[in-house]
Amino acid sequence: MTKAAEENQTQSPDAPAADAATPPPGAPVSAFPGESGAPPSSPSKRLPRVESLTGLRWWAAFFVFCHHMTNLAPLPIFDFLKYGTSGVTFFFVLSGFVLTWSAQPGTKIRTFYRRRFARIFPLYFLTLVAAFFVFYRVDPPAGMSWIKPISITVLVLSALLLHGWSNNPTILYGGNPAGWTLSVEAFFYAYFPFVWRATQRLKTAGGLILCVSVIVLGGAYRLALFHYKADVPVLPQPVLHSVAFLFGIGLAIALRSGWKPRIPVWFAFLVTGGGLYVLWYSGSHPANFPGAVTMGLCQKEILTLLYGFLILAVAARDVRGGRSVLRSKPLVALGQWSYAFYLVHATILYAIKEYHGIAGPIGWSNLTWYAGVLVISIFASWLLYKFVEHPLERKLRGPR
């Protein structure tokens, strides 16, 4: 799922002098730069880090984990936890925000691409190999639908991060099932340098107009697809999720330009949590909620607004120098490991499910399973970060 700001750089992701990491929707985005008092448009000035976004990234990855755990140990709130999948939307918005926040004029495109490759691919490929032994067999056992017959085509597309362009679930979720979001991120990385150059002169108003425009276009497409199925083509995931990525870019442009909205972070969390509850309630009781159908159709755009609002509030507080629990060392560390956590937790979970089966009937007693799998996944993500992800990234990024 989606890795962005793990290093919490304050410069452009491809800026020669700094590391800017962008999290794929599951990938770790640790810290993000904020704005210093200097004019954001000055290429010689680096924006301060917005460290709280690293801690926030961990909670998004944890939300995804909670959703996947319902396949092993369902809780009474399993129906609400399905919105854990929305964590990838959070990462897509965050990715656009972080890349733009840290970007600096003059960075060479090939440098940017090399650093993005170093950031996400080595660990992705390793976890893809690990996932193969859990999700594929020559002769898949009966009753285990998550184990699929070996397909060279699917595995090659997954290794090349091209599987996200297919809406066929067998291909889209092929290889490491979490990897489809990295296929989407790869597309974002491909066009980001050109969007950055095209939007460098935009200020606060321009950034906000970009946000509104992509949300309106995204929502209009969803409604058109529903009402005119025969005439409107189904777009691939990388294109559909570009709404969230471009929205994040617009937010970062506005903040870089000096906009510092004073949004209480507790209020932003309340709005986001309340919005998720409304989406769940309207979907579960459509007859009792006006506009439930429209909300369901435009769910991705609503989630983009909710998570964008939360990211803006947290980043703006860091820019103003406010205190934040999200910047605590434990949360920053978990945020740094969250890319590895995102890529391995489902593999670990389904390996356990194959040999043990479902934990048991729906109940709160299954929380013990959550705790156990969480500890194993965090430990594995720490090992991967320390001995694989971080050292290989440093080696492949090249000179600063």
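**Figure 1. Arg116 over the ring of Tyr189.** In this predicted model, Arg116 lies over the face of Tyr189, 5.6 Å from the ring centre. A charge is taken to sit over a ring if NZ of Lys or CZ of Arg is within 6 Å of the ring centre and within 35 degrees of the ring normal. Lys148 is placed likewise over the face of Tyr136, at 5.1 Å from the ring centre. Residues are numbered from 1 along each chain as its sequence is written, and side-chain values use heavy atoms, with hydrogens and water left out. Because the model is predicted, local features need pLDDT of at least 70 and side-chain atom pairs count only at pLDDT 80 or more, while totals for chains, interfaces and linings use all residues.

**Figure 2. The aromatic cluster that includes Tyr189.** Ring pairs join Phe92, Phe112, Tyr113, Trp165, Tyr173, Trp180, Phe187, Phe188, Tyr189, Tyr191, Phe192 and Phe245 into a cluster. Rings of Phe, Tyr and Trp (its six-membered ring) pair if their centres lie within 6.5 Å; planes under 30 degrees apart count as stacked, over 60 as edge-to-face and the rest as tilted. The structure holds 38 aromatic pairs.

**Figure 3. The pair Phe65 and Phe341.** The ring centres of Phe65 and Phe341 are 5.6 Å apart and the planes stand at 50 degrees, so the pair is tilted. Phe65 belongs to helix α1 (residues 52-69) and Phe341 to helix α14 (residues 329-356), and the pair links parts of the chain 276 residues apart. Helices (H or I, at least four residues) and strands (E, at least two) are DSSP runs, numbered from the N terminus. Both Phe65 and Phe341 are buried; buried means under 20% relative accessible area, exposed over 50%, and partly exposed in between (1.4 Å probe, protein chains only). Of the 18 residues of α1, 16 are buried, so α1 is largely enclosed by the rest of the structure. Helix α1 reaches 26 Å from its first C-alpha to its last, close to the 26 Å expected at 1.5 Å a residue; the expected span is 1.5 Å times one less than the number of residues.

**Figure 4. The pair Tyr277 and Trp280.** Tyr277 and Trp280 form a tilted aromatic pair, 5.4 Å centre to centre with 45 degrees between the planes. Both residues lie in helix α11 (residues 265-284), three residues apart, about one turn of the helix. Tyr277 is partly exposed, with a relative accessible area of 46%.

**Figure 5. The bend in helix α7.** Helix α7 (residues 180-199) has 20 residues and spans 28 Å from first to last C-alpha, close to the 28 Å expected at 1.5 Å a residue. It bends by about 45 degrees at Tyr191, and Pro193 follows within four residues. The bend at a residue is the angle between axes fitted to the seven residues ending there and the seven starting there. Helix α7 is mostly covered, with 14 of its 20 residues buried.

Figure 6. In one of them, Arg119 meets Glu389 with the closest N and O atoms 2.9 Å apart. Arg119 lies in helix α4 (residues 109-135) and Glu389 in helix α15 (residues 367-397), so this bridge ties together parts that are 270 residues apart in sequence. Arg119 and Glu389 are both buried. Arg397 and Glu393 form a salt bridge at 3.4 Å, N to O, and both lie in α15, four residues apart, about one turn of the helix. Arg397 is buried at 3% relative accessible area, and Glu393 is buried at 0%. Salt bridges that share partners join Arg119, Glu389, Glu393 and Arg397 into one network.

**Figure 7. The salt bridge of Lys82 and Asp79.** The closest N and O atoms of Lys82 and Asp79 are 3.8 Å apart in this salt bridge. Lys82 is partly exposed, with a relative accessible area of 39%, and Asp79 is also partly exposed, at 30%.

**Figure 8. Ala103 and Gln200.** Ala103 is found in the loop between α3 (87-102) and α4. Ala103 is buried, with a relative accessible area of 2%. Ala103 and Gln200 are 97 residues apart in sequence, and their C-alpha atoms are 9.7 Å apart in space.

Methods:
Salt bridge = Lys/Arg side-chain N within 4 Å of Asp/Glu carboxyl O.
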